[in-house]
Amino acid sequence: MNGRRAAALVTALVVVVAVAVALSAWRPWDPVPDALRAAVHDAAAVPGVVSTELTTYEVTQRDAKDGDVARADVTVVLDPGLAPDTARRAAERAHDVLAAAQVDGVRSLSLDTTVRAGTPRTVHGITVYPLTAWVADDGDATSVADAYRLWRAGATSVSGASADAADGDALVALARASADAGLTASLATADGAVQYDAYQAVPDVPAVRLAVASSRRPGVEITSFAASMEPRLSVALSVPAASAQARALVRWLDDPARASGLGRPVAYTLSEPGFATLVDGWVGDVAPPEPAEHTVPLPDGVAAWPDVDAPACTGADLRLALSAPDAAAGSRYLAVLARNVSGSPCALDGTPGLVFRDAAGDAQPDVTLAPSAPGVVPGRVVVPPGERARASLQWGAMSTALDPDVTTTVDVVPVPDAEAVSLTPKVPGVGPVDLDVLDGATVRVSPWVQAAEGWS
């Protein structure tokens, strides 16, 4: 009896070991292909790379016949002592190694490569690096070099084209260094008391200096400067708008000396605690002339598409998408992208129709769609086959504390009589995100324009 029991136990043990070995090779709960694991390992051996980590891998579309569609997020940690261009080359080489992975059964692998550097710290349970940048889909890591340049110019932390400085004086110095190097950067003090949104342009040093000087006035809590086509200094007061300190600030802002060096009229807005009362004016009491009607100009150095004879685009001619949402200095940004998939040129002339919907599919009430800037009117844009037009959206940050019904999808009607297309905002490496376009929001919408690098 004991002999039979011992033999049975031995047999059971052999079976358990065999199953364990089989499962360790099969790993049904671990879908990461060995080829991708090997590529992540090899990328860590690139000179200048400290470590690599595969943070996400998922198959987004199953297709047994033609091959699956998958996405992967990889973090590449670089040596913080690298020179900017050396860091760029290291990031590009690591990305190339990852992109070259040949995964069996996968015909398309979307790769998001996040680059980090510096000594990390833990904030609310999340590991935060002082430098974060991203490699573009085409493998270009210029943004990594720019992030290193901002860091070396005195930034305490850098995330893409946003950088923090220790205090107001350091912020002005960082703005000057960024402008001298031709770097597009939005800036802020580490405590958030001063914020400068460069609107994807080189910082305007006099504007940063004005924002810092405003933050030091009595009764001021936060100042932010938005360097958009309609630049504005926003000041959050810690005192009532009718107080002596607020009135003194208005007189200070209206002084013509404040406009020195700005180069163009700048609006200002003062808000008291609770945003109950707003005071508007113009820095230096210099208001702009009424703008003449004009179309949106292209960035410098960008050649316009040929204005050939072409029919109007239809909804079927266009494949729509949303850019990743962006935020800075109390403003939110998003772009609607329309790619011409018709195979021949077609023309856009107008502004897309938009409906913002919550998770229940209900339209956000009382949303106002306003022109992107005074005087801007639509212009005819002939979109070559395969190219993309874009319409830019901007709105002020809204609190979701009292209105949690955030926007989860955006219905876009690209041209009149086209069917609405429902689009979900997403951030690479994160997935779907919500928008704080809530009841009563005002969203500024640009006409369709030629998509190009350098757009704000």
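Colleague: Is aspartate 68 buried or exposed?

Modeller: Aspartate 68 counts as buried because its relative accessibility is 13%; buried means under 20% relative accessible area, exposed over 50% and partly exposed in between, with a 1.4 Å probe and protein chains only. This is a predicted model, where local features need pLDDT of at least 70, side-chain atom pairs count only at pLDDT 80 or more, and totals for chains, interfaces and linings use all residues. Residues are numbered from 1 along each chain as its sequence is written, and side-chain values use heavy atoms, with hydrogens and water left out.

Colleague: Where is aspartate 68 found?

Modeller: Aspartate 68 is in strand β2 (residues 68-78); strands are DSSP runs of E with at least two residues, and helices runs of H or I with at least four, numbered from the N terminus.

Colleague: And which side chain joins aspartate 68 in a polar contact?

Modeller: That of arginine 62, at 3.4 Å. A polar contact is a pair of N or O atoms within 3.5 Å; within protein, one must be able to donate a hydrogen and the other to accept it, and residues adjacent in sequence count only if both atoms are side-chain atoms.

Colleague: New topic: how many disulfides does the structure hold?

Modeller: One, a disulfide being a pair of cysteine sulfur atoms within 2.5 Å. Cysteine 313 is joined to cysteine 346, with S to S at 2.0 Å. Cysteine 313 lies in the loop between β14 (278-282) and β15 (318-322), and cysteine 346 in strand β18 (residues 346-348), 33 residues apart.

Colleague: Why is the disulfide right-handed?

Modeller: Because the torsion about the S-S bond of cysteine 313 and cysteine 346 is about 85 degrees. Both cysteine 313 and cysteine 346 are buried, too.
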